[in-house]
Amino acid sequence: MKKIIVWFRKDLRLYDHPALWEAAKQGSVIPVFIWSKDEEKEWNDSPTSKWWLHHSLYALKKSLYDKGLNLIIRSGNCKTELSLLIQEMKAEAVFFNERYEPSLYKRDLNLIEYFNTLGIHTKSFSSGLLGHPTDICNQSGEPYKTFTPYYNKLRKEAIPKPYPIPNSLKGSNDLIPSLYIEQLELLPIIKWDEKLHRHWIPGEDWALKQMMKFLDQRVHQYKNGRDFPSQDLTSGLSPYLAAGDISPRVIWKTALDYMEHNKNETHVEAFLRQLCWREFSHYQLFHHPTIQHLPMREPFLQFPWMGSGDLFTRWTKGQTGYPLVDAGMRELWETGTMHNRVRMVTASFLVKHLLVNWTEGANWFQQTLVDFDVANNALGWQWVAGTGFDSAPYFRIFNPVTQSEKFDVDGSYIRKWVPELSKLPAPFIHQPWETSAEILLQSDIVLGESYPYPVVDHRAARERALLAYQTIKK
């Protein structure tokens, strides 16, 4: 039979894996994963994402084993390792699903040309997004710069149906050298493993369970409820999407089927809109490869950032003196994720209250998020900082107190993640520094000792930020 290498990357699943599906139809499947630190720089620089990858690889290995296949694991340069495997296995083809990060997309095109020239049938398939980033353009044939017209166009597109899991998979009987997953050394030096496992179970099976749990139990409250961090009403699918444990097309189709049968159009549509934001992030990264490091709006190259330092450190540790900000940063450190509403507040606080360059915050999120996604991370920070084409206006500066009062009314989210404030009743918990000495004493709080004073005054920080933005406004 024709031997086909199926190269797994950020698609560690069997459902909606077109490369696997096509290989299963045409011959015997040789499943391969190659870890390349140099080529996967963003992935390699994210300890929590590598933690997820470690455990997701175990889940994929088991799924393949149950189908009669062994996952071959290699480490090193992808071109070199694929070439060696082709020789060892006498493989006739290499199939894989596309990656859209600019450097990897270009590398993959070169690999396809190289192996096809050698007579090895090499082909890539669309899978990680709802569509290819070149599929949607404005009336002038140019990429969209803002989300709403892009979303309106995408929503009218026919999204391809996900590929089913192959009914049967034929493997090779050859003994093929393979590394153990542990030899990839993906687990972080910091002992995150135990605490992250209290909150997450990586892998395709749990991704599908999480999706169905969300649609069955929570989506009917999603549109408004997703803004309240103490309520468990978000999908919880972001790390599974980031790792490729589930595809966006599976989520899209399942959500639309749910909407058709349950008539929760408003809430499901709000959820699909967030899925399209992910799509838009990858779309922008594809067309603007520098957005990880450089502002999309050129004037911001001259923005007078104040640099990082002690204030940045206090932000990372959840010691800013603003309870909602501190709760979010501590949730991030403990769980590897943070509620989306609080992400916006904490990010805004860093770039607008502290005037720390958004790239510093993006790097910290890369270090700590289990759902780190290079495109989502970059565009999210550019949106908050006002440096993106389609972003929050420069004068939109989240007030961390009013955000807390509005979205964590009784303070339950704060109490969960900032336990030293747990005895402080609402509304005082939103701004302890404005609370009477008597109530602080009754709540076992000594400002400056058990909980810090605010690192900046909101009003003064807001005025300073507005002045800074005026310097580059055109």
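This is a predicted model: local features need pLDDT of at least 70, side-chain atom pairs count only at pLDDT 80 or more; totals for chains, interfaces and linings use all residues.

Visitor: Where does Arg 99 sit in the chain?

Guide: Arg 99 belongs to the loop between β4 and α5, the latter covering residues 102-117.

Visitor: Which side chains make polar contacts with the side chain of Arg 99?

Guide: To read a polar contact, look for N or O atoms within 3.5 Å of each other. The side chain of Arg 99 has such a contact with the side chain of Glu 40, at 2.8 Å. Another goes to the side chain of Glu 101, at 2.9 Å.

Visitor: And what else does Arg 99 touch, leaving out residues up to four places away in sequence?

Guide: Arg 9, Lys 10, Glu 40, Trp 43, Leu 104, Tyr 105 and Asp 108. Some of those names come back when you look at charges over rings. The charged end of Lys 10 sits over the ring of Trp 43, 4.6 Å from the ring's centre. Likewise, the charged end of Arg 9 is over the ring of Trp 7, at 4.4 Å from its centre.

Visitor: Speaking of rings, how many aromatic pairs does the structure hold?

Guide: For a pair, check how far apart the ring centres are, then the angle between the planes: under 30 degrees is stacked, over 60 is edge-to-face. This structure holds 34 aromatic pairs. Take Phe 95 and Phe 125: their ring centres are 5.5 Å apart and their planes lie at 70°, so this pair is edge-to-face. Phe 95 is in strand β4 (residues 93-97) and Phe 125 in strand β5 (residues 121-125), so the pair ties together parts 30 residues apart in sequence.

Visitor: How are Phe 147 and Tyr 151 placed in their helix?

Guide: They are four residues apart in helix α6 (residues 147-156), about one helical turn. Both Phe 147 and Tyr 151 are buried. They also belong to one aromatic cluster, along with Tyr 144, Tyr 150, Trp 277, Phe 280 and Tyr 283.

Visitor: What happens at the start of α18?

Guide: A side-chain oxygen of Asn 399 comes to within 2.9 Å of the backbone nitrogen of Val 401.

Visitor: What do the buried residues of α16 pack against?

Guide: Helix α16 (residues 358-368) has these buried residues: Trp 358, Gly 361, Ala 362, Trp 364, Phe 365, Gln 366 and Thr 368. They pack against α2 (41-44), α3 (47-66), α13 (310-316), α14, α15 and α17 (374-385).

Visitor: How do I read distance along the chain against distance in space?

Guide: Take two residues and look up both values. Lys 37, in the loop between β2 (28-35) and α2, is 147 residues from Leu 184 in sequence and 9.7 Å from it in space, C-alpha to C-alpha. Gly 76, in the loop between β3 (72-75) and α4 (78-89), is 224 residues from Phe 300 in sequence and 38 Å from it in space, again C-alpha to C-alpha.

Visitor: Are Lys 37 and Gly 76 buried or partly exposed?

Guide: Lys 37 is partly exposed, at 43% relative accessible area. Gly 76 also counts as partly exposed, at 24%.

Visitor: Finally, what does the whole chain look like?

Guide: The protein chain has 21 helices and five strands. Of its 474 residues, 56% count as buried. A compact globule with 474 residues would have a radius of gyration near 23 Å, and the chain's 24 Å agrees with that.

Methods. Residues are numbered from 1 along each chain as its sequence is written. Side-chain values use heavy atoms; hydrogens and water are left out. A polar contact is a pair of N or O atoms within 3.5 Å; within protein, one must be able to donate a hydrogen and the other to accept it, and residues adjacent in sequence count only if both atoms are side-chain atoms. Helices (H or I, at least four residues) and strands (E, at least two) are DSSP runs, numbered from the N terminus. Rings of Phe, Tyr and Trp (its six-membered ring) pair if their centres lie within 6.5 Å; planes under 30 degrees apart count as stacked, over 60 as edge-to-face and the rest as tilted. Buried means under 20% relative accessible area, exposed over 50%, partly exposed in between (1.4 Å probe, protein chains only). A charge sits over a ring if NZ of Lys or CZ of Arg is within 6 Å of the ring centre and within 35 degrees of the ring normal. The radius of gyration is taken over C-alpha atoms; the globule rule is 2.2 Å times the number of residues to the power 0.38. Contact means heavy atoms within 4.5 Å.
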